Amino acid sequence: MNTPDALDKRPGASPSPLSVAAGEPLVAVRDLEVYFDSGGGSAWDKFTGNSGNRGVVRAVDGVSFEIKTGETLGLVGESGCGKSTLGRALLRLTPHTGGQVYFRGRELAHLSSQELRRTRRHMQMIFQDPYASLNPRMTVGQIVSEPLETFGLAHGRERAERVSELLETVGLSARHVKRYPREFSGGQRQRIGIARALAANPEFVVADEPISALDVSIQAQIMNLLERLRRERSLTYLFISHDLRAIRHLSDRIAVMYLGKLVELGAAASVYGDPLMPYTKALISAVPFPDPARESARRRIVLAGDVPSPLDPPPGCRFHTRCPYAVAACREVVPALAEIKPAHFAACIRISPDQPEIEQVEGDAAPGLKNPEQVAAS
Amino acid sequence: MSHAAAETLLSVRNLCTYFGSEDGVVKAVDGVSFDLAQGETLGIVGESGSGKSVTSLSLLRLVNEPPGKIVRGEVVFQGQDILSLPLEAVRHIRGKRISMIFQDPMTSLNPFMRISTQLAELTRLHLRHTKREAHEHAVRMLETVGIPDARRRADDYPHEFSGGMRQRVMIAMALSCQPELLIADEPTTALDVTIQAQILELIRSLKIQTGLSVILITHDLGVVAGMTDRVVVMYAGKVFEQAPTHELFARPANPYTKALLRSMPDPEAAGGALYQIPGLPPDVARLPAGCPFAPRCERAEDVCRSEFPPFVQLTREHFSLCHFAAEIYSRPDTPDA
């Protein structure tokens, strides 16, 4: 990409007033909270007696982390854990209700709407569903050139050239500009979504489950594309997925989320190879492995019960209702994310830097071993 | 696991299910054959459009007609060809001797009926249970599949259950008439990984306890590796490879299987580019001449683009649809497909 774009200020390009030194966090999140009103309190609800689900969903509840320039942070968790909400909150696509999000050291909530608009150019998103996230009435050319237009980055013939280049960068052909999304397969549509995200030359990209909707033989294509783009364009990613194999492959560090809380954070090899928090251990042990010998030999931790509702999360450690290692104190103490091994953090009161391995509790002392309803009743 | 001595429960021969479309005839399933032994778990693996789900629907004649039509083949279950039985007789097999579970339990459960009523309906019909017997049986089945507090939950409606619990309810329904064969079509694809582990564990333990035979349809080679005795790999409506599970993974003899396995990220060896299969899954309405995988195959030569490949038998139980199957099988360590 070598277009004469006056506004092109990627790191590594020309210095910009907003640029940060290498190694500095590009994105920093402090005590981030995203709460949703789940409804149930309106006049109609009162009238119809619908008080069943009144309350606040704590989708993201006190999360702090940083993403360094050029790094890929993988965010993994099960449905409803708040990982997509967190990704959207980083781009301010969903407003947060507490805490701060900093981009290049500046807090997003304090930016004027004009500044926010300028900053947004550097932060883009790739969505999960390549069928729902592209406007079916727009041609591929219109879709990809929209950010160029919105941010006033290129005009006329230059814009058309940029679009062609972008399409070729993501493995499509410049001949495709006049076609509509419906004429493409899922994998190709995801490439269109990626081209759109890259159009404004962002520094930071949130990729929310970008391969989940794709066929197995296409997933590797898209993962390789994301990795190549990161190298070529010095991108910084937040890669959100429930697929631990993909997360492990693409990420430098991995963050694990459970019911709105960050429960583990560390280097990818360390989190995958030596998980500390019991939930992470169970999650990794549950990933089916394409190797029959390893599958039959491995010890699987099968968790009891379902993920509790984020409307009414368990007190103390939110995982204690399913945790095979939980003790009575786990029901009361909210564990903080602590550095258990160098640069490897976990939120669990049963482990410490001196004792990173959890001692088994005796008999049926662990509530997670019984079913949650029995625990509640006892 | 060898099932040499086990009796054949199901034998599928040259199954062809075609669909009429604007683009002409779509050969969704085209000449599929396999056997299933008593007590065995067979995996059918493939991507979207490979024909794996249409195959499973065809076994019970559940393909919508039109646009679909089972044009030929045999599905011999315990000596009877399901495809030539009168429909009334097929209804006695469905849900009783062969039952099915699907990816989305909500599409198979009636949202307006209590779970217990839906379970009871089956056993009253097939096992001639009285109302009371059927209700008791429903509660026992829900307990068997691990629904906590089953007696109370039995009278709940489907929406009151979580996704994982609904899939358990589906399994309870599928097993309530003690079938000989369970067909599970992507049973865990919509579920989270820890819930998937629970459901797979449940199917495993039910198999051990009851001797149930299972056909597991999935796109996930990891699930296949952990759950099945033998695997059928489908692509473009055809069986591309068929082998005992351990052999398929250790010594794949088809370029497509090999490429799929190579393209999976290995969590223990991170980084680096993944092997990627070029191109797109084929449009079954417009298949190329010759081998349908040839346009994406690294090993393809001219013959692949002009002649349909032979189904080569490599061992007693290992088959591969490829012009070069024997060569690939004899040199397992060459990375090039």
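In chain B, helix H7 (residues 163-175) and helix H8 (residues 193-210) have axes that come within 10 Å and cross at roughly 20°. Because of that angle, H7(B) counts as roughly parallel to H8(B). The crossing of these two helices is right-handed. From H7(B), the residues that take part are B:Gly163, B:Gly164, B:Gln167, B:Arg168, B:Ile171 and B:Leu175, and they meet B:Ile195, B:Gln198, B:Ile199, B:Leu202 and B:Leu206 of H8(B). The structure described here is a predicted model.

The contact between the chains takes 37 residues from chain A and 39 residues from chain B. On the side of chain B that touches chain A, two or more residues are given by each of H7, H8, helix H9 (221-227), helix H10 (245-250) and helix H11 (255-262). H8(B) provides the largest share of that side, seven residues. The side of chain B that touches chain A comprises 21 nonpolar, 13 polar and five charged residues.

H11(B) deserves a separate look. This helix is mostly covered, with six of its eight residues buried. The buried residues are B:Pro255, B:Tyr256, B:Thr257, B:Lys258, B:Ala259 and B:Leu260. They pack against helix H7 (216-233) of chain A, and within chain B against H9, strand S9 (230-235), strand S10 (238-244), H10 and helix H13 (325-330).

A helix of chain A shows a related arrangement. Seven of the nine residues of helix H10 (residues 278-286) of chain A are buried, so the rest of the structure largely encloses this helix. Those buried are A:Pro278, A:Tyr279, A:Thr280, A:Ala282, A:Leu283, A:Ile284 and A:Ala286. Their cover includes helix H8 (244-250), S9, S10 and helix H9 (268-273) of chain A, together with H8 of chain B.

Strand S9 (residues 253-258) of chain A, one of the elements covering H10(A), is itself enclosed.

The pairing of S9(A) can be followed to two neighbours. Strand S3 (residues 72-76) of chain A runs parallel to S9(A) and is joined to it by four bridges; here A:Leu75 has A:Ala255 as its bridge partner. Strand S10 (residues 261-267) of chain A runs antiparallel to S9(A), with six bridges between them, and A:Arg253 stands opposite A:Ala267. S9(A) and S10(A) form a hairpin with two residues between them, and A:Leu259 in the turn has a positive phi of about 45°.

Chain A also contains an open sheet of four strands in the order S2-S1-S4-S5, with antiparallel pairing. Strand S2 (56-68) and strand S5 (106-107) of chain A are its edge strands, each pairing on one side only. Strand S1 (residues 25-37) of chain A is antiparallel to S2(A), and ten bridges join the two. Within this sheet, A:Asp37 stands opposite A:Val56 of S2(A).

Notes
Residues are numbered from 1 along each chain as its sequence is written. Chains are lettered from A and ligands numbered from 1 in the order in which they are written. This is a predicted model: local features need pLDDT of at least 70, side-chain atom pairs count only at pLDDT 80 or more; totals for chains, interfaces and linings use all residues. Axes are lines fitted to C-alpha atoms, for helices over the stretch in contact, and angles run from 0 to 180 degrees between N-to-C directions. Angles under 35 degrees count as roughly parallel, over 145 as roughly antiparallel, 65 to 115 as roughly perpendicular and the rest as oblique. A crossing is left-handed if the near helix is turned anticlockwise from the far one by less than a right angle, and right-handed if clockwise. Two residues are in contact if their C-beta atoms, placed from the backbone, lie within 7 Å. Ala, Val, Leu, Ile, Met, Phe, Trp, Tyr, Cys and Pro count as nonpolar, Asp, Glu, Lys and Arg as charged, and the others, Gly among them, as polar. Two strands pair if DSSP finds at least two bridges between them. A residue is buried if 20 or more other C-beta atoms lie within 10 Å of its own, exposed if 12 or fewer, and partly exposed in between; C-beta atoms are placed from the backbone.
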